[in-house]
Amino acid sequence: MRDRVNSDTPNDAVIVERHDDIAVLRLNRPATRNALATEIKGHLETQIPALMRDTNVRCIVITGTDEAFCAGGDISNMADRSAPSVRTRMYQSYTWAKTILTGEKPVVAAVNGAAAGAGFSLALLCDIVIVSDKAFFRAAFPGLGAAPDLGLALTLPRSIGTARAKDILLTNRRIDAAEAVTLGIAKQMVPATSLLDEALQLAKALAAGPATSLGLTKMLLNNAYGPIDDFFATEAMAQAVAFGSREFAEGVSAFLGKRKADFKNA
């Protein structure tokens, strides 16, 4: 199935590979575990909408390079924690996050490794998730004293139910690949060596389907639970409050200092 035609952005933060009418979008900063730094987010902001508009693309696959899918947000880019700045950053990310979630083309997440924090969110913005046997998920937000973002408090309960979502989001426990399949976070688990091939097989089947029907199905499912824009507005407000708290300051300090956060005395 490795029938790559070309690579649109070689040696960049986000690489786009074309496999006939399938686009594989690969986060490509393995040194930082593909965390959503400004450089990566800038590429996503331009490439995701472009791929959704491209009439030669019928399905998109999102994956990561090397051992991680995406380690979440970039802590080094969170120095300005004022509410206006946090809300501005959130809305900038919504431009591409909402496009993945609501765009008319099917999107497959091929989770090759750690999907933590916003990386967990990114995977669940996609329509179908496939995981390698080396993958795992963790909310991570409680460890920093932050609120879930990029739609995770919306997409996770829709996938697995509210009670299970509360368990994962409140306890910050690790979900390995096998449990992710059992819970319904992922469709299937495959050996790491065959992850991309399996994702491309699924994408090929989706690409061969009726594009109009699939797009309308996504629209109906996304509107079944209330306006997404209203949710994102509430989420941005919640994250702005969280980033301004003493608990978040302690969480970031503990993360950078590689120690356990002491939220009780923050």
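# Close-up views of a predicted model

**View 1. Proline 191 in its loop.** At 44% relative accessibility, proline 191 counts as partly exposed. This model is predicted. Proline 191 sits in a loop. Now find valine 131. In sequence, proline 191 and valine 131 are 60 residues apart. In space, their C-alpha atoms are 8.5 Å apart.

View 2. Asparagine 112 belongs to the loop between strand 6 (107-111) and strand 7 (114-116). Is asparagine 112 buried or exposed? Its relative accessibility is 12%, so it counts as buried. The side chain of asparagine 112 makes a polar contact with the side chain of threonine 63, at 3.5 Å. Look beyond the neighbours within four places in sequence. There, asparagine 112 is in contact with a run of residues including Thr63, Gly64, Thr65, Asp66, Glu67, Ala68 and Phe69. Ser132, Lys134, Ala135 and Leu195 are also among its contacts.

**View 3. Helix 3, a covered helix.** Helix 3 spans residues 118-125. How many of its residues are buried? The count is 8 of 8, so the helix is mostly covered. Ala118, Gly119, Phe120 and Ser121 are among the buried residues. Leu122, Ala123, Leu124 and Leu125 are buried too.

View 4. Cysteine 59 is in no disulfide. Its nearest cysteine sulfur belongs to cysteine 126, 9.8 Å away. A disulfide needs the two sulfur atoms within 2.5 Å. Cysteine 59 is buried, at 0% relative accessibility. Cysteine 70 is buried as well, with a relative accessible area of 0%.

**View 5. Arginine 29 paired with glutamate 39.** Side chains of opposite charge can pair when their charged atoms come close. The whole structure has 8 salt bridges. One of them joins arginine 29 and glutamate 39. Their closest N and O atoms are 2.9 Å apart. Arginine 29 lies in the loop between strand 3 (22-27) and helix 1 (38-53), while glutamate 39 lies in helix 1, so the pair ties together parts that are 10 residues apart in sequence. Arginine 29 is partly exposed, with a relative accessible area of 27%. Glutamate 39 is partly exposed at 39%.

View 6. Aspartate 229 forms a salt bridge with lysine 98. Here the closest N and O atoms are 2.6 Å apart. Which parts of the chain does this pair link? Aspartate 229 is in helix 10 (residues 228-243), and lysine 98 is in helix 2 (residues 83-102). These distant parts are 131 residues apart. Aspartate 229 is partly exposed, with a relative accessible area of 46%. Lysine 98 is partly exposed, at 27% relative accessibility.

**View 7. A network of salt bridges.** Asp167, Arg173 and Glu179 are linked in a network of salt bridges. In one of these links, arginine 173 pairs with glutamate 179. The closest N and O atoms of that pair are 2.8 Å apart. Arginine 173 counts as partly exposed, at 28% relative accessibility. Glutamate 179 is partly exposed, with a relative accessible area of 25%.

Notes. Residues are numbered from 1 along each chain as its sequence is written. This is a predicted model: local features need pLDDT of at least 70, side-chain atom pairs count only at pLDDT 80 or more; totals for chains, interfaces and linings use all residues. Side-chain values use heavy atoms; hydrogens and water are left out. Helices (H or I, at least four residues) and strands (E, at least two) are DSSP runs, numbered from the N terminus. Buried means under 20% relative accessible area, exposed over 50%, partly exposed in between (1.4 Å probe, protein chains only). A polar contact is a pair of N or O atoms within 3.5 Å; within protein, one must be able to donate a hydrogen and the other to accept it, and residues adjacent in sequence count only if both atoms are side-chain atoms. Contact means heavy atoms within 4.5 Å. A salt bridge is a side-chain nitrogen of Lys or Arg within 4 Å of a carboxyl oxygen of Asp or Glu.
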